[in-house]
Amino acid sequence: MDRRQLLGGIAALPLIGAGTAHADDAYADDMAILRAALALHPGLYRYATPREVADGQNRLAALWPGAGLETRYLALSRFLATLRCGHSYCNFFNQRRAIAKALFDRPTRLPFHFRWIDGAMIVSADPSGTLPPGSRVTQINSTPSAALLARLMRYARADGHNDGKRRALLEVQGEDTIETFDVFQGLLAPPPPGGHRIEAVLPDGGAKTLVLPGIDLAARRAMMTKLADDAEGARWQWAMRGDVALLTMPGWALYNSKWDWAGWLGERLDSLGGARGLVIDLRANEGGLDCGDPILARLIERPLAPPAIEQRLRFTRTPPALDRYLDTWDDSFRQLGVGGAPLPGGFVARPGGNRDITIQPAAKRLNLPVAALISPTNSSATFQFAMMARASGKVRLFGQTTGGNQRGINGGAFFFVRLPESGIEFDLPLVGYFAPPGTPDAGLAPDVFIAPTARDIAAGRDPALDAALAWVARA
């Protein structure tokens, strides 16, 4: 399945499209282009009725004339979030440089990392040492942190009603060069002059009030815990915990990487002959390439097909007049539905859609217990990996319910729609993956559910990893 996790790196791909608008073009204004492009979206009505979508488009169109860049960006982001599609959003990493600088490069960020636990903002790291890990931030600039979370949730992308994914996106853990929380907090709730006024409860129960300066994009990036997507060399970590191997894979977005990830992974899997087992940590990994398939291929005895999923499109060929606004890395996407059979509801079956999605057993086998750590961040290729791992019966899943959605997601191929008047870009997935009726509107639950607590963070404990290592050691 040619799923693409597009959080960075796509801007470096050779794109096809992005011509200059003509005054007599049928799609000469942003709203006409938006409506025409969304008609290609396979999941447009998965969670909303045609009337609801039309009403949202009309409200957006009424606001658009004369509105500033910030207002337009927020309004379009809010509208796209109502589609409940985790791959439909105004992609931070695909905006033109001037727009990205105007919207995202602001000294408005909170100067620490945090997680959301039971609706509370829990500090996970503070380089200044002012707020120790495990501190609970109760108010930010006189707004309860839970109220700020609720406000920002309306702008966060996720599939269906999987709010765990939305909360995960609104954490700041040093895993993205541009953080979702930072973007929308900076636009909707920037700090007053002088910095952020913070009220917090420390791990020892003491209360603390302080003012912290807002930091800019460069300062946030200096706090990153994950290698950037364009970093050279190995992007994953391999360590032995006694006789158990720990493979940490914080990202699979390796489209432009020169690193031989398949060779690196193969060598390490080859080294497991005397190991007790393998633990794979995917908790920080939203997706990318299908880098988990080589692992599953070594575990299975027979071909492994994904759960029953129908791949649907909304078009055979794109409208020629619209093509100039649709950037992509593969021009064949403009004819994605040619030869596809008509389906009920105005869909077209994706021709050859089930090709290459079955994992074949590898010649080299692994006969040892394997655990995978999953989280709400997993919503694209890593969500699919979790589904395939569960179907294989060869991997035990630890952690929290994934992102994505068991009903199916939208992805596979993309256009990057550039609205010429405002200059704003949004990502448009082209393939809808639809599960049979009755499938839950939820992510995939782990076999062993373990969520961290504020006390775990304060003590530096990782209960999910500890449980997975213990299971592998005794399995």
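Predicted model: local features only at pLDDT ≥ 70, side-chain atom pairs only at ≥ 80, totals over all residues.
Colleague: Which residues of α13 are buried, and within what arc do they fall when seen down the axis of the helix?

Modeller: Counting as buried those residues under 20% relative accessible area, one finds Ala464, Leu465, Ala468, Leu469 and Val472 in α13. Viewed along the axis of α13, these buried residues line one face of the helix, because they fall within an arc of 130 degrees.

Colleague: Which strands are included in what covers the buried residues of α13?

Modeller: The helix in question runs over residues 463–474, and its buried residues include Leu465 and Leu469. Their cover includes the strands β7 (237–241), β8 (244–248), β9 (277–281), β14 (370–374) and β15 (395–399).

Colleague: How many residues of α11 are buried, and what is included in their cover?

Modeller: Helix α11 comprises residues 381–392, and its end C-alpha atoms lie 16 Å apart, which agrees with the span that twelve residues should have at 1.5 Å a residue. The helix is mostly covered, with ten of its twelve residues buried, among them Phe383, Phe385, Met387 and Met388. The cover of these buried residues includes β9, α10 (293–299), β14 and β15.

Colleague: In what sense do β7 and β8 pair, and which residue in their hairpin takes a positive phi?

Modeller: The two strands pair over five bridges in the antiparallel sense, with alanine 239 standing opposite leucine 246 of β8. Two residues lie between the strands of this hairpin, and the residue with a positive phi, near 70 degrees, is glycine 242.

Key
Residues numbered from 1 in each chain as written. Heavy atoms only, no water. Helix = DSSP H or I, 4+ residues; strand = E, 2+ residues; numbered from the N terminus. Expected span 1.5 Å × (residues − 1). Buried < 20%, exposed > 50% of the residue type's maximum accessible area, 1.4 Å probe, protein only. Arc of directions from axis to C-beta. Contact = heavy atoms within 4.5 Å. Pairing = 2+ DSSP bridges.
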